[in-house]
Amino acid sequence: MIPGILALAALATLEHGAAAHRHAPSLPRGPLQWGDINFLQTTDTHGWLLGHQKNSEPEPNASGDWGDYASFVQHMRAQADERGVDLLVIDSGDLHDGSGLSDGFPPGGVNGHETDEIFAELDVDLLTIGNHGLYKSDVALDIYRSFAPKWGGRYLTSNVNITVPGSNESRPIGDRFRKFVTKQGRNVTAFGFLYNFKYGTPIMHVQSTAKMVHEQWFQEAIAEEPSFFLLNGHVPVRDPSWEPVFAAIRAVHPHTPIIAFGGHYHIRDCRLPDERSILLAGGRYMETIGFVSANLTAPSFSSSSLPVFRRYLDANPVTYRFHARVRDLSTALGNKIKSELWTLWARFGLGEVYGSAPHDYYVDRVPYPDEKSVLSLYGDLVLPATVVNQSRPHDKIVFLNSGAQRFDIYKGTLTRNDRFVTTPFKNQFLYFPAVPYSIASKILPALNALPDPHFMTFESVYGEGSRDLNEQPEGEEDVELVFQNWKRSMYDAASAQPVRRDHSRDLQRRTLGYVTVDSCPGHGDDTAHDPIPVFPQPVYIASPDPLGATDDTPIDVVFADFVLPDLQRVLEQLAPAIKWGTAQVYSSVTSDEALAIYARQAWSGSKKE
């Protein structure tokens, strides 16, 4: 007999107490509301298939790996069969760029190939491509030749084409659409598409959804009414790319349910485009599993509201056991996947330890400057110690854009995997020699005063297409900025609330995590959290000014090459009469290596983990 919810809650509470010293995940707020049709969604996993392994909050919230999730899916599918309802598993793209498992491949390898192989061991019902599959030709070709064929028509790229080298034919990298019948006999018409992405490799082409919906194949695909339409987009929930698709379907089928899933912005979000549809995105980095259910009891000619339910599940074993209603989460498939992930971890050398961080360092959880600020760590310690040129006779000031640091550094071992997670961008350090201190000392405030600073994006760093470094993506916000603003909105909203007077709750403080506000009814977060503090950060940082410098002291102005466009603008403002010439390479150390070098020097050596 399947254990009851109360028994499972007691079991999970015991586990929670036993592991309290390591910030064990909190219990969900209650059981899920199942419908006639149910969905589990992942999106923007970015190689984080081993989940989040650190002990500091909020990492344990997302401590489940792809093996745990595979086991959870198997249990939930069994539960759906017992209930006589359907459960479909969705992934909304971006499997690459973000973790050592996808990015730490040896020379001659392809980003994400090995993680794609392990990812594909879980039977996913519908998938689509993300923009991170389009930056590099070798990655796009690997998806086309190796990954998309695995899915037997379930990998949908309705508006994404590839031109294979040696061929003049542009063809879909996956399938345009899929029509299928669920286990419970419901007819589904499904599409998968990408937002209006412009900066991929030249062999890739993304058609706007506004043009896609006028294609003959699309019009023919939507002509016959299904039980519901299923849209899977690597598209932000509030992006205009959705509107042409909804409008085209509604022009033919005004009341047929539409269930849609999005991604790309790394945030939890949901809205109801109309009374007969729902659109949800589940987040990033294996932190969140999206759950959606709907009751298709109302006939398609009815204009009554579609009954829908959504939850954002923290991706950890406590959550999985609670909702799967099992004591032992593990399955043979889940254990196999776990073993393969750790084998890949070892093969890529991701457990190499550079040192041990003395405490947590945060990207934006503390104000800058603060001893626990990642930016303070870099500006005060890492850059001065690692970006060095012994042949230069002058002191230096090193400038770096804050966007180069993408993740918190947690207390304890700093591994090779952390290097890929925290500093994914590889930039050379250049310099202008012997700049008078009277000018050099004014550069940092001038950089941070720029009204439109150049933000670091994957497009600007890794894209193969032609791109002016001074150009910002038209109609496309930097994902990291959107994510940080979303987190800040949670913290600001909580800070504006009156102080809680519930002392019993104060004695059991909620763990830090996401506190989502979206446009769908009811509570979205499956587990209640306190919001993660967020503070404004500068766009640029610098190493300390040399001691005793006077106005005419010559200073080498050193900077990551990504900073060059903004630095040139500032120097022209500060000293328009000076011809600066071409910046030269200052050091062989690159931005992605600096932290590891510093950790070896200051955080007690290197070993294997």
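Guide: What follows is a quick tour of selected residues, strands and helices.

Visitor: Ground rules before we start?

Guide: This is a predicted model: local features need pLDDT of at least 70, side-chain atom pairs count only at pLDDT 80 or more, and totals for chains, interfaces and linings use all residues. Residues are numbered from 1 along each chain as its sequence is written, and side-chain values use heavy atoms, with hydrogens and water left out.

Visitor: Okay. Where is Asp 269 found?

Guide: Asp 269 is in strand 12, residues 268–271. Strands (E, at least two residues) and helices (H or I, at least four) are DSSP runs, numbered from the N terminus.

Visitor: Is Asp 269 buried or exposed?

Guide: Buried, because its relative accessible area is 7%. Buried means under 20%, exposed over 50%, and partly exposed in between, with a 1.4 Å probe and protein chains only.

Visitor: Which side chain makes a polar contact with the side chain of Asp 269?

Guide: That of Arg 238, at 2.8 Å. A polar contact is a pair of N or O atoms within 3.5 Å; within protein, one must be able to donate a hydrogen and the other to accept it, and residues adjacent in sequence count only if both atoms are side-chain atoms.

Visitor: What else does Asp 269 touch?

Guide: Not counting residues up to four places away in sequence, Asp 269 touches several residues, including Val 237, Leu 279, Tyr 312 and Asp 518. Contact means heavy atoms within 4.5 Å.

Visitor: Switching to rings. How many aromatic pairs?

Guide: The rule: rings of Phe, Tyr and Trp (its six-membered ring) pair if their centres lie within 6.5 Å; planes under 30 degrees apart are stacked, over 60 edge-to-face, and the rest tilted. The count by this rule is 35. One of them is Phe 177 with Trp 217, stacked at 6.0 Å centre to centre with 0 degrees between the planes. That pair links distant parts of the chain, 40 residues apart: Phe 177 is in strand 7 (residues 177–181) and Trp 217 in helix 7 (residues 216–223).

Visitor: How accessible are Phe 177 and Trp 217?

Guide: Phe 177 is partly exposed, at 31% relative accessibility. Trp 217 is buried, at 17%. For an edge-to-face pair, take Tyr 598 and Trp 603: 5.6 Å centre to centre, 80 degrees between the planes. Both Tyr 598 and Trp 603 are buried.

Visitor: Which rings make up a cluster?

Guide: Ring pairs link Trp 66, Tyr 69, Phe 72, Phe 119, Phe 147, Trp 151, Tyr 155 and Tyr 320.

Visitor: And which Arg lies over the face of Phe 180?

Guide: Arg 178, at 4.0 Å from the ring centre. Arg 284 lies over the face of Phe 483, at 3.8 Å. A charge sits over a ring if NZ of Lys or CZ of Arg is within 6 Å of the ring centre and within 35 degrees of the ring normal.

Visitor: Back to strand 7. How does strand 7 pair with strand 8?

Guide: Antiparallel, over five bridges, with strand 8 spanning residues 187–194. Strands pair if DSSP finds at least two bridges between them. Val 181 has Asn 187 in strand 8 as its bridge partner. The two strands form a hairpin with five residues between them, and Gly 185 in the turn has a positive phi of about 90 degrees.

Visitor: What's the strand order in the open sheet of six strands?

Guide: 4-3-2-1-14-15, with mixed pairing. Strand 4 and strand 15 (308–314) are the edges; each has a single partner strand, so one side of each lacks a neighbour in the sheet. Strand 3 (residues 126–128) runs parallel to strand 4, joined by two bridges. Thr 128 stands opposite Leu 156 in strand 4.

Visitor: Now helix 16. How far does helix 16 reach?

Guide: Helix 16 (residues 479–495) has 17 residues and reaches 24 Å from first C-alpha to last, close to the 24 Å expected at 1.5 Å a residue. The expected span is 1.5 Å times one less than the number of residues. Its buried residues include Phe 483, Trp 486 and Met 490. Strand 12 and strand 21 (530–531) are among what covers the buried residues of helix 16.

Visitor: Last one. Which residues does a cis peptide bond join?

Guide: Glu 57 and Pro 58, with omega about 0 degrees. Tyr 368 and Pro 369 are also joined by a cis bond, omega about 0 degrees. Pro 58 lies in the loop between strand 1 (37–42) and helix 2.
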